[in-house]
Amino acid sequence: MANVPVLNVIADVAQLVRNAPNPTLIAAYVRAARKFCRESRWLRVELLGQAEADTRVYSLGSDPYLEVLGLRAASAARTSGNTKRWPLTVSATDGWDPNAGPGKPQRYAYVPEAQVAIDPVPDGAYDLTLTLVVQPKAGVNELPEELLVKWDQVLQAGALAYLFAIPGQTWTDLAESKRQAAVLQSGINNARADEQREFNAGTTFIKRRRFLAGGRP
């Protein structure tokens with residue numbers, strides 16, 4: 001799915017906070033989307049890349065609209081021969097043997113910010129598929145369509161909760177702000193339950209890009 005300009009979806013919000021400037025409306029809507037994604041971990045994307053021999057840590061790259069919150073899953077496959085994919089197990093890096101030799105990748109760990117570590121250190125090239133948990137970047141003016149298909153009214157409530165709480169405006173309404181905040185939180189709770197039950201497959205915003213190699217930690 002494509003991104004949707006926030007300006008195209010804020011008409012309902014604008015009707016309730018008349019005279020609010022468009023930049024304020026857009027910022028409030030994006031702020032709600034970031035909170036929704038950060039707390040629910042609902043929005044995922046798939047990243048494809050390749051591990052290299054003797055390199056443990058890889059950058060997850062960057063996207064102009066989304067930033068990485070964490071990793072949901074990872075799998076690996078040989079680049080030739082038997083290319084059947086196998087899942088990697090999430091594991092804390094403090095349990096890895098730093099003296100172990102290179103081998104077939106078995107474990108992964110998210111390394112803040114926006115990096116992944118692989119164990120054992122790969123003994124050759126392997127194709128990797130990573131499921132990233134993401135949120136919109138601050139300051140963007142477009143959002144993934146997936147968020148709007150199911151959660152548009154939740155995001156509207158989040159935007160209104162923020163806008164109604166701005167002091168000294170003609171639209172300021174603290175009681176309504178609290179009511180809208182409750183709607184947002186209910187939506188976050190529902191989305192979190194969806195995510196835990198694997199109802200969300202996410203989208204793909206990077207088809208194929210080589211990871212930027214780092215060093216061994």
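**Entry 1. Conventions.** I worked from a predicted model, in which local features need pLDDT of at least 70 and side-chain atom pairs count only at pLDDT 80 or more, while totals for chains, interfaces and linings use all residues. I numbered residues from 1 along each chain as its sequence is written, and side-chain values use heavy atoms, with hydrogens and water left out. Helices (H or I, at least four residues) and strands (E, at least two) are DSSP runs numbered from the N terminus; I call two strands paired if DSSP finds at least two bridges between them.

**Entry 2. Pairing of β4.** I looked up the partners of strand β4, residues 66-78. Eleven bridges link β4 to strand β9 (residues 126-136) in the antiparallel sense. Within this pairing I noted A77, whose bridge partner in β9 is D127. Strand β5 (residues 86-87) also runs antiparallel to β4, through two bridges; here S75 stands opposite P87.

Entry 3. I then followed strand β7, residues 107-111. Strand β6 (residues 89-90) joins β7 in the parallel sense by two bridges, with V90 partnered by Y108. β7 and β8 are antiparallel, with five bridges, among them the one between Y110 and V116. These two strands form a hairpin with three residues between them. I recorded a positive phi of about 60° for A114 in the turn.

**Entry 4. The largest nonpolar core.** I took a nonpolar core to be a set of buried Ala, Val, Leu, Ile, Met, Phe, Trp, Tyr and Cys residues joined through side-chain atoms within 4.5 Å. Buried means under 20% relative accessible area, exposed over 50%, and partly exposed in between (1.4 Å probe, protein chains only). The largest core holds 53 residues, of which V17, F36 and L132 touch the most other members. Elements giving two or more residues to this core include α2 (22-40), β2 (44-51), α3 (145-164) and α4 (174-196). The largest share comes from α3, with nine residues. In soluble globular proteins, nonpolar side chains tend to be buried together.

**Entry 5. F36.** I listed contacts (heavy atoms within 4.5 Å). Beyond its neighbours within four places in sequence, F36 is in contact with R41, W42, L147, W151, V154, L155, G187, I188 and A191.

**Entry 6. E195.** Not counting residues up to four places away in sequence, E195 touches S40, R41, W42, R44 and R72.
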